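Me: I am new to this structure and would like to learn how to read it one feature at a time. Could you give me the general idea first, and then the case at hand?

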Amino acid sequence: MDIGTLVGVLLGLSMILGSILLGGGASAFIHIPSMAITLGGTAAALLITYPLAKVKAVFAVTKKILNAGNLDMTPWYQTLTGMATVARRDGLLALEAEVEKIEDEFLRKGIQMMIDGSSPEVLQAVLEQEIVNLEERHSIGHGIYKSMGTYAPAFGMIGTLMGLVQMLRNLNDPSQIGGGMAVALLTTFYGAFFANLFCIPIQGKLEQRTNEEVALKRMLLCGILSIHAGDSPRVVGDKLLVFFGPADRVNLTK
């Protein structure tokens, strides 16, 4: 797992659980009906909002993204400048031997279209649409986690209202007041806990990864178009450097 994600989750859990234990024990915070209302209600609302297939796909992709760490664009800079050297020396058709070695589908498609003689306009239009499609696919994942971050506190509030109703109905029986109060307070706690430690942060992580992938795709597109235009490897490298921060630029130009 990405070290930042792991540290954040462990830190959040340790602070919350530590506070609970120091405050008198965890048993007071374990209430199955409250968990069922909050988590079950959130899951039900999510399945009403999104098709099951999309929910399953997003969770599968989320696991890969959280385990992947930060996206490093440096190797792709080196790949593109290397291709620019080959194309400048031997022509665009010489890149055909490199196509099968390319792991990234977006770059492989762009290089193959260039070899096949596609015009720069067609090449740019197709790859730009690929980027748009990527953003649209990823937006579904962002929306799912955003929805869970909204639904969890909302169902926590529903549980609070249910607990208050139970408590008010049994004011004459003091033994029933504690159970009602537990549902009333713990559902709100569970909803806020689940939304703010998991759903909203994961949404932010996915949005950051989407921005990184889009930046990478735009860098690859820039490099492909520059190679297609017959630019020298130095010019291709200069165009690609705009996608890096100052520290990375210094390292790449050494």
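This is a predicted model: local features need pLDDT of at least 70, side-chain atom pairs count only at pLDDT 80 or more; totals for chains, interfaces and linings use all residues.

Me: What share of the residues in the protein chain is buried?
Reply: Of the 254 residues in the protein chain, 37% are buried. The accessible area of the protein chain comes to about 14,100 Å², of which carbon and sulfur atoms supply 63%.

Me: How many helices and how many strands does the protein chain have?
Reply: There are 10 helices and 0 strands in the protein chain, so that the pattern along the sequence reads α-α-α-α-α-α-α-α-α-α.

Me: What radius of gyration does the protein chain have, and what would a compact globule of 254 residues have?
Reply: The radius of gyration is taken over C-alpha atoms, and for the protein chain it is 26 Å, whereas a compact globule of 254 residues would have a value near 18 Å. The box filled by the C-alpha atoms, taken along the principal axes, is roughly 90 × 40 × 25 Å.

Me: Which share of the contacts in the protein chain with a separation of 6 or more joins residues 24 or more positions apart?
Reply: A contact means heavy atoms within 4.5 Å, and among the contacts with a separation of 6 or more, 76% are between residues 24 or more positions apart. Although Y151 and T42 are 109 residues apart along the chain, their C-alpha atoms are separated by 5.3 Å.

Me: How many salt bridges does the structure hold, and where should I look?
Reply: The general idea is that side chains of opposite charge can pair when their charged atoms come close. The structure holds 6 salt bridges, and one of them is between the side chains of K109 and E130, at 2.6 Å from N to O. This pair links distant parts of the chain, with K109 in helix α6 (residues 105-115) and E130 in helix α7 (residues 120-169), 21 residues apart. K109 counts as partly exposed because its relative accessibility is 33%, and E130 counts as partly exposed at 27%.

Me: Which parts does the salt bridge between R218 and E128 tie together?
Reply: The side chains of R218 and E128 meet at 3.0 Å, N to O. Because R218 lies in helix α8 (residues 174-228) and E128 in helix α7, the pair ties together parts that are 90 residues apart in sequence. R218 is partly exposed at 31% relative accessibility, and E128 is partly exposed at 25%.

Me: How many residues apart in helix α8 are R209 and E212?
Reply: R209 and E212 are 3 residues apart in helix α8, and therefore separated by about one helical turn. Their side chains meet in a salt bridge of 3.0 Å, N to O, and R209 counts as buried because its relative accessibility is 10%.

Me: Which residues do ring pairs link into a cluster?
Reply: Two rings are taken as a pair if their centres lie within 6.5 Å. The structure holds 7 aromatic pairs, and among them is the edge-to-face pair of F193 and F198, with 6.0 Å centre to centre and 75° between the planes. At 24% relative accessibility, F198 counts as partly exposed. Ring pairs join F29, F189, Y190, F193, F194 and F198 into a cluster.

Me: Where is F189 placed, and is it buried or partly exposed?
Reply: F189 is in helix α8, and it counts as partly exposed because its relative accessibility is 27%. Apart from neighbours within four places in sequence, F189 is in contact with I16, I20 and F29. The C-alpha atoms of F189 and S34, which are 155 residues apart along the chain, are separated by 9.3 Å.

Me: Which residues form a nonpolar patch on the surface?
Reply: The patch is formed by I3, L6, V7, L10, L11 and M15, which together have about 580 Å² of accessible area. Among these residues, L6 is found in helix α1 (residues 3-22), and L6 counts as partly exposed because its relative accessibility is 35%.

Key:
Residues are numbered from 1 along each chain as its sequence is written. Side-chain values use heavy atoms; hydrogens and water are left out. Patches are made of residues with over 30% relative accessible area and no salt bridge: like charges are joined within 9 Å, nonpolar side chains (Val, Leu, Ile, Met, Phe, Trp, Tyr) within 5 Å. Accessible areas come from the Shrake-Rupley method with a 1.4 Å probe; for residues, only the protein chains shown count as cover. A salt bridge is a side-chain nitrogen of Lys or Arg within 4 Å of a carboxyl oxygen of Asp or Glu. Helices (H or I, at least four residues) and strands (E, at least two) are DSSP runs, numbered from the N terminus. Buried means under 20% relative accessible area, exposed over 50%, partly exposed in between (1.4 Å probe, protein chains only). The radius of gyration is taken over C-alpha atoms; the globule rule is 2.2 Å times the number of residues to the power 0.38. Rings of Phe, Tyr and Trp (its six-membered ring) pair if their centres lie within 6.5 Å; planes under 30 degrees apart count as stacked, over 60 as edge-to-face and the rest as tilted.
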